[in-house]
Amino acid sequence: MFRRGVTLASSVHPRCGFQFPVEGSVAKHFAALFRGGLVRSGSAPGTQCIMPLGQRVLEKICSLIDAEMSRVNARKMSLPILTADSLLEKSGRREEFGKSLFKLQGDSPTGGNSCLAPTHEEAITSLLATSAVSHQDLPIKLYQIGPKFRNESKTGLLRTREFLMKDCYTFDQGLDEAKATYDQLCGAYNRIFTALQLPYLQVSGDVGLMGGHASSEFQALSLSGEDTIHVCSKCDSAWNSEMTDSQGKCEGGCNVEAKKSIEIGHCFLLGTKYSEIFNTNFETNSASKGLTVMGCFGIGVTRLLATLVDTHWCDDNKLIWPKAFAPYSIHVLSLGKPRDERFEKARDIADRLSNCHFTEQDSGRVHTLSESDVLLDDRVWWMDGVRLKEAEFLGSPYLVIAGKKSNEGLYELQHQPSRSKELHTADALVERLTELLAQDQGLLPRPDSEE
């Protein structure tokens, strides 16, 4: 029997062989994710299947988003994927979306048409319009993480017809309050992208179809990005190239540098554009009616998976993850013969590692560090070289090997991506990994030599 914190590699279906997409030319990130078994192409054009290893990364990203949204007092909800055409017609955006909108004709029992939601400004605003909202209820901050649909696609995960998105909608009683909420949410986005260790910039963006007073884009620097941003290091300013016709100059007249990037988040200060359309009011302290002032804030979650690989990918045949966002923190495998004996040693150490705990000296608080975050390769019928190569490719921060030295009671600890190695007894290995995981989670300071 295994502890519930150990995942068997044989259960990660289908097998993670070194396979490549059958398509001719694919995005770098997609080829790497495909090879590692994190994604597969969907049956319909422009769709992708997120496999178990990729799903774990997405869930870790979503957990980070949930924590930061909770920190700013935003509450999670779910809105329907189906949106009534009448809502988009009322806002004037049905035609603006054009061919990118998935339309369902005559699907409603009442005879109306629906569409697959490309975004949810209309749905959330019309919903709140049916609620009795007082000035004492504001600000209201609601968010969801769910699928969106747009009939446009390119190869890979950066632009697909169906994608996972985090969208947050805020409602305030005045523009000044809405600006404060906007700054608060932008701060949360900065913390999210910093935790993901992405090379990103917050830049001025175009309000586009959303409309409103202002927008900020979060752009991850990448040579394979679809966007171009202009950066002035002297003035410490940056903006999307769509916003300007300048010939390589900023407003201060300084030379700017054009850089390719991937848009990973976008924040809009919408004002009362949608509140006016849907009569989304609140009761003021004088018992009169006031229009709520809105903001909306989006993160492309599946796009983040692609961006992590695109910006961290290493050319010597392995994935590199921020330690907290690898599919598994610890990957355990046995190498050599006798296979059954070596595997038993690997299984025993995996069981122990799945229950790593760290106790804070000052508070006595106990932290579980590795529950459900240990992958044990039980496929002993595979060749050792293939399994080792795959383990190194998948990029778990810590690779534990029960090999020749395990006959002497020693296990090899390999750090990824440096491949530096240590030898430890079982007890010392558990102690060492407990220390490393505590450092990764910020519970212990990291030695200067490891900064």
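In this predicted model, the axes of helix α2 and helix α8 (residues 301-312) come within 10 Å and cross at roughly 115 degrees. That angle makes α2 roughly perpendicular to α8, and the crossing is right-handed. On the α2 side the contact is formed by Gly54, Val57, Leu58, Ile61, Cys62 and Ile65, and on the α8 side by Val301, Thr302, Leu304, Leu305 and Leu308. By class, these residues comprise nine nonpolar, two polar and no charged.

**Other helix pairs**

- Helix α2 (residues 52-71) also packs with helix α6 (residues 175-195), their axes coming within 10 Å and crossing at roughly 150 degrees. At this angle α2 is roughly antiparallel to α6.
- The crossing of α2 and α6 is right-handed. Here Leu64, Ile65, Glu68, Met69 and Arg71 of α2 meet Leu185, Ala188, Tyr189, Arg191, Ile192 and Ala195 of α6.
- The contact of α2 with α6 contains eight nonpolar, no polar and three charged residues.
- Helix α9 (residues 339-353) and helix α11 (residues 426-440) have axes 10 Å apart and pack at an angle of about 35 degrees. The crossing of α9 and α11 is right-handed.
- Ile349, Arg352 and Leu353 form the α9 side of that contact, while α11 contributes Ala426, Asp427, Leu429, Val430 and Leu433. The residues of the contact of α9 with α11 divide into six nonpolar, no polar and two charged.

**Nonpolar cores**

- The largest nonpolar core has 58 residues, of which Phe193, Leu196 and Trp321 touch the most other members.
- Leaving out residues up to four places away in sequence, Trp321 touches Leu33, Leu38, Val57, Leu305, Leu308, Val309, Ala326, Pro327, Leu394 and Gly395.
- A second, separate core holds 26 residues, including Ala346, Leu376, Ala402 and Ala438.

**Helix α1 and its surroundings**

- Helix α1 (residues 28-35) is largely enclosed by the rest of the structure, because seven of its eight residues are buried. The buried residues are His29, Phe30, Ala31, Ala32, Leu33, Phe34 and Arg35.
- The packing partners of these buried residues are β2 (39-41), β3 (48-50), α8 and α10 (384-394).

**Helix α10 and strand β18**

- In α10, the buried residues are Arg387, Glu390, Ala391, Glu392, Phe393 and Leu394. Just after α10, Gly395 takes a positive phi of about 80 degrees.
- His331 belongs to strand β18 (residues 330-334) and is buried, with a relative accessible area of 1%.
- Apart from neighbours within four places in sequence, His331 is in contact with Leu375, Asp377, Ala391, Leu394, Ser396, Tyr398, Leu399 and Val400. Two of these partners, Ala391 and Leu394, are among the buried residues of α10.

**The loop between β18 and α9**

- Gly336 lies in the loop between β18 and α9, where it counts as partly exposed at 23% relative accessibility.
- Gly336 and Met383 are 47 residues apart along the chain, and their C-alpha atoms are separated by 9.4 Å.
- Setting aside neighbours within four places in sequence, Gly336 contacts Arg342 and Asp384.
- Pro338 is found in the loop between β18 and α9, and the peptide bond joining Lys337 and Pro338 is cis, with omega about 0 degrees.

**Further backbone features**

- Most residues other than glycine have a negative phi, and most peptide bonds are trans.
- Pro139 is located in the loop between α5 (121-129) and β8 (140-149).
- Asn73, although not a glycine, has a positive phi of about 65 degrees. Asn73 sits in the loop between α2 and β4 (75-76) and, at 49% relative accessibility, counts as partly exposed.
- Gln197 is likewise not a glycine and has a positive phi of about 60 degrees. The loop between α6 and β10 (200-204) contains Gln197.

Key: Residues numbered from 1 in each chain as written. Predicted model: local features only at pLDDT ≥ 70, side-chain atom pairs only at ≥ 80, totals over all residues. Heavy atoms only, no water. Axes fitted to C-alpha atoms, helices over the stretch in contact; angles between N-to-C directions. Helix = DSSP H or I, 4+ residues; strand = E, 2+ residues; numbered from the N terminus. Left-handed = near helix turned anticlockwise from the far one by under 90°. Contact = heavy atoms within 4.5 Å. Nonpolar A, V, L, I, M, F, W, Y, C, P; charged D, E, K, R; others polar. Parallel < 35°, antiparallel > 145°, perpendicular 65-115°, else oblique. Core = buried A, V, L, I, M, F, W, Y, C linked by side-chain atoms within 4.5 Å. Buried < 20%, exposed > 50% of the residue type's maximum accessible area, 1.4 Å probe, protein only.
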